[in-house]
Amino acid sequence: PIDGAARAAAAIADAASAPPVPPSPLVASGGGAVAGATTSSSVIPAGVPRFNDSDLHRHDVLSGRGGYVNAHPGNHHARTLCAHRKPEWDAGTNATKRRIAIEIHGMIRS
């Protein structure tokens, strides 16, 4: 089985070798996209916050899928924190898992 880090590395490699996606009309009209303001070809539903790359910081953790999100420094840091706690998580009770999740969330927020 492939672990999360190997899956993330494969996704980044796939994204790097994929041909560029032309901008969608939504992006061309000035809207940003969560999965990359200049390369998204999906339409963003109403009510979803829009932002540009300049709004992001290296400590932010992005939701979503794909190489852009996986390669973001904040997401890489969050995965590293989770990987260090994985053995304790796997052996833990539900109460332990809740505590670990709260601790990781606190580290990311600080």
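Helices (H or I, at least four residues) and strands (E, at least two) are taken as DSSP runs and numbered from the N terminus. On this basis the protein contains five helices and zero strands, and its elements follow the order α-α-α-α-α from the N terminus. The structure is a predicted model, in which local features require a pLDDT of at least 70 and side-chain atom pairs count only at pLDDT 80 or more, whereas totals for chains, interfaces and linings use all residues. Residues are numbered from 1 along each chain as its sequence is written, and side-chain values use heavy atoms, with hydrogens and water left out.

The pLDDT, the predictor's confidence in each residue on a scale from 0 to 100, has a mean of 74 for the protein, and 55% of the residues reach 70 or more. Over residues 24–41 the pLDDT is below 50. Beyond near neighbours in sequence, this stretch has 37 contacts in the model, a contact being defined by heavy atoms within 4.5 Å.

Of the 110 residues, 23% count as buried; buried denotes under 20% relative accessible area, exposed over 50%, and partly exposed the range in between (1.4 Å probe, protein chains only). The accessible surface, computed by the Shrake-Rupley method with a 1.4 Å probe, comes to about 7700 Å², and carbon and sulfur atoms contribute 62% of that area. Among the contacts with a separation of 6 or more, 19% are between residues 24 or more positions apart.

Helix α5 comprises 16 residues (94–109) and reaches 22 Å from its first C-alpha to its last, close to the 22 Å expected at 1.5 Å a residue; the expected span is 1.5 Å times one less than the number of residues. Thr96, Ile100 and Ile104 of α5 are buried. These residues lie on the same side of α5 because they cover an arc of only 70° around the axis, the arc being that of the directions from the helix axis to the C-beta atoms. The face turned away from the buried side of α5 carries the exposed residues Asn94, Ala95, Arg98, Ile102 and Arg109.

The cover over the buried residues of α5 includes α4 (73–91). Arginine 85 is located in helix α4 and counts as buried because its relative accessibility is 16%. Apart from neighbours within four places in sequence, arginine 85 is in contact with Arg99, Ile100, Glu103, Ile104 and Met107. The side chains of arginine 85 and glutamate 88 are joined by a polar contact of 3.1 Å. A polar contact is a pair of N or O atoms within 3.5 Å; within protein, one must be able to donate a hydrogen and the other to accept it, and residues adjacent in sequence count only if both atoms are side-chain atoms.
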